[in-house]
Amino acid sequence: MGVYATTTAISELIPEIEQIHGFIDFSLVNGSGDLYLTISVFVDKAGLDAAGALESNWVQANAQILLPAAPAKASGQVILHSGSGAGC
């Protein structure tokens, strides 16, 4: 799936993720070619878990042919962050 198709598809999911309690930030990173990484930041683990479930369900309903296996997940606390607050 190309970058344009991926960003278009994921952009349908973002408004739903933004509605989850504790939402702070969501990013989609193109690692290389067809390798993508989403980074979701929430105030607490409950919001992160809700977003993870939503994203998994979305992938299953909308991108099953491209991602036949469940996406790998990892979570942890932010230990260092710097940002200007400006969008991409």
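How much accessible surface does the protein chain have, and what share of it belongs to carbon and sulfur atoms? I looked this up first. The accessible surface comes to about 6,500 Å². Carbon and sulfur atoms account for 59% of it.

**Entry: the model**

I am working from a predicted model. I checked the confidence before going further. The mean pLDDT of the protein chain is 81. I note that 82% of its residues reach 70 or more. Among the elements, helix 1 (residues 3–18) has the lowest mean pLDDT, at 80. Helix 2 (residues 45–62) has the highest, at 88.

**Entry: the fold**

I counted the secondary structure as 2 helices and 2 strands. Along the sequence I read the pattern α-β-β-α. I then turned to contacts between residues at least 6 apart in sequence. Of these, 36% join residues at least 24 apart.

**Entry: the inside**

The protein chain has 88 residues, and 18% of them count as buried. Which residues make up the largest nonpolar core? I listed A9, I10, L13, I17, I20, F26, F42, A51, W58, V59 and A63, 11 residues in all. Helix 1 and helix 2 are the elements that give two or more residues to this core. Helix 1 provides the largest share, 4 residues.

Leaving out residues up to four places away in sequence, I20 touches F42, G47, A50, A51 and L54.

**Entry: a patch on the surface**

V29, L37 and I39 make a nonpolar surface patch of about 230 Å². I placed L37 in strand 2 (residues 35–42). Is L37 buried, exposed or partly exposed? Its relative accessible area is 46%, so I logged L37 as partly exposed. The band for that label runs between 20% and 50%.

**Entry: V43**

I finished on V43. It sits in the loop between strand 2 and helix 2. V43 counts as exposed because its relative accessibility is 63%, and the cut-off for exposed is over 50%. Which residues is V43 in contact with, leaving aside neighbours within four places in sequence? I found G22 and I24. I also checked V43 against D25. The two are 18 residues apart in sequence. In space, their C-alpha atoms are 9.9 Å apart.

How values were computed: Residues are numbered from 1 along each chain as its sequence is written. This is a predicted model: local features need pLDDT of at least 70, side-chain atom pairs count only at pLDDT 80 or more; totals for chains, interfaces and linings use all residues. Side-chain values use heavy atoms; hydrogens and water are left out. Patches are made of residues with over 30% relative accessible area and no salt bridge: like charges are joined within 9 Å, nonpolar side chains (Val, Leu, Ile, Met, Phe, Trp, Tyr) within 5 Å. Accessible areas come from the Shrake-Rupley method with a 1.4 Å probe; for residues, only the protein chains shown count as cover. A salt bridge is a side-chain nitrogen of Lys or Arg within 4 Å of a carboxyl oxygen of Asp or Glu. Buried means under 20% relative accessible area, exposed over 50%, partly exposed in between (1.4 Å probe, protein chains only). pLDDT is the predictor's confidence in each residue, from 0 to 100. Contact means heavy atoms within 4.5 Å. A nonpolar core is a set of buried Ala, Val, Leu, Ile, Met, Phe, Trp, Tyr and Cys residues joined through side-chain atoms within 4.5 Å.
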